[in-house]
Amino acid sequence: MRIHIATDHAGLEFSEHLATHLTAAGHDVVDHGPTSYDALDDYPSFCINAAIAVARDQRDGVEALGVVFGGSGNGEQIAANKVAGIRAALVWNHSTALLARQHNDANVISIGARQHTVDEATSFIDAFIAEPFSGEERHARRIAQLAEFEQTGVIAGKYVSAQNDALADVHADVDTHAAKA
């Protein structure tokens with residue numbers, strides 16, 4: 001399996017360990033950075049690039065998952081989830097690693113490198129990679145709704161008020177500014 005990894009300065013040492021560990025387990029590891037320590041680096045581009053690669057590989061029929069990490073894992077998860085087709089889950093224990101795959105068919109996990117030991121984080125990642133999606137109808141249905149919303153901004157048969165109201169507000173603001181110009 002191809003595993004895309006990304007971090008920031010908080011997880012740089014862990015990324016080196018993880019790449020070695022996953023390669024030894026037979027995975028094709030692609031490290032999206034950073035490659036050197038910079039206390040002021042920014043995680044979004046690294047994590048987004050890893051997520052884009054996972055989405056592209058999966059679309060092309062390549063078996064691939066992603067692992068992003070930083071100090072807490074929160075920002076990294078948010079960044080990965082900005083990519084269409086990505087379902088990134090914040091993992092903090094063995095159970096959340098398994099459930100991310102079983103119930104959500106997560107294709108990226110995020111871990112706080114400052115929240116766990118290297119051994120703990122590695123065990124969460126191994127569990128995530130090994131666990132298949134359950135395929136249960138209720139989980140597949142919910143994932144399909146998320147994908148539909150991601151692509152269209154609606155979920156057929158469901159009212160998604162916040163998105164519709166927010167879009168109406170944006171369009172009204174654009175129309176008001178255009179009229180003043």
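Start by selecting helix α6, residues 137–152, which has 16 residues and reaches 22 Å from its first C-alpha to its last, close to the 22 Å expected at 1.5 Å a residue; the expected span is 1.5 Å times one less than the number of residues in the helix. Directly after α6 comes Gly-153, whose phi is positive, near 85°. Helices (H or I, at least four residues) and strands (E, at least two) are DSSP runs, numbered from the N terminus.

Before going further, note that this is a predicted model, in which local features need pLDDT of at least 70 and side-chain atom pairs count only at pLDDT 80 or more, while totals for chains, interfaces and linings use all residues. Residues are numbered from 1 along each chain as its sequence is written, and side-chain values use heavy atoms, with hydrogens and water left out.

**The whole chain**

Of the 181 residues, 39% count as buried, where buried means under 20% relative accessible area, exposed over 50% and partly exposed in between (1.4 Å probe, protein chains only). Among contacts with a separation of 6 or more, 67% join residues 24 or more positions apart, a contact being heavy atoms within 4.5 Å.

**Helix α2**

Select α2 next, a helix of 17 residues that reaches 24 Å from its first C-alpha to its last, close to the 24 Å expected at 1.5 Å a residue. The buried residues of α2 are Phe-46, Cys-47, Ala-50, Ala-51, Ala-53, Val-54, Ala-55 and Asp-57, and they pack against β1 (2–6), β3, α3 (74–80) and β5. An α-helix has 3.6 residues a turn, so residues three or four places apart point the same way.

Within this helix, centre the view on Ala-55, which counts as buried because its relative accessibility is 12%. Leaving aside neighbours within four places in sequence, Ala-55 is in contact with Val-83, Ala-84 and Ile-86. Asn-107 is 52 residues from Ala-55 in sequence, yet the two are 8.4 Å apart in space, C-alpha to C-alpha. Beyond the helix, α2 is followed by Gly-61, whose phi is positive, near 85°.

**The largest pocket**

Turn to the largest pocket, with a volume of about 220 Å³. Of its 18 lining residues, the closest to its centre are Gln-58, Ala-64, Leu-65, Arg-87 and Asn-107. The elements that give two or more residues to this lining are α2 (43–59) and β3 (64–70), and the largest share, three residues, comes from α2. On a 1 Å grid over the protein atoms alone, a pocket is an open set of points where a 1.4 Å probe fits, with protein on both sides within 12 Å along at least five of seven lines, and lining residues have an atom within 4 Å of a point. Grid points are joined across faces, edges and corners, and a volume is the space filled by probe spheres set on the points.

Select His-116 in the loop between β5 (108–112) and α5 (118–130); with 17% relative accessibility, His-116 counts as buried. Apart from neighbours within four places in sequence, His-116 is in contact with Val-91, Trp-92, Ile-111, Ala-121 and Phe-124.

Then move to Pro-34, in the loop between β2 (28–31) and α2, where the peptide bond from Gly-33 to Pro-34 is cis, with omega near 0°. Finish at Asp-105, in the loop between α4 (94–102) and β5, which has a positive phi of about 45° although it is not a glycine.
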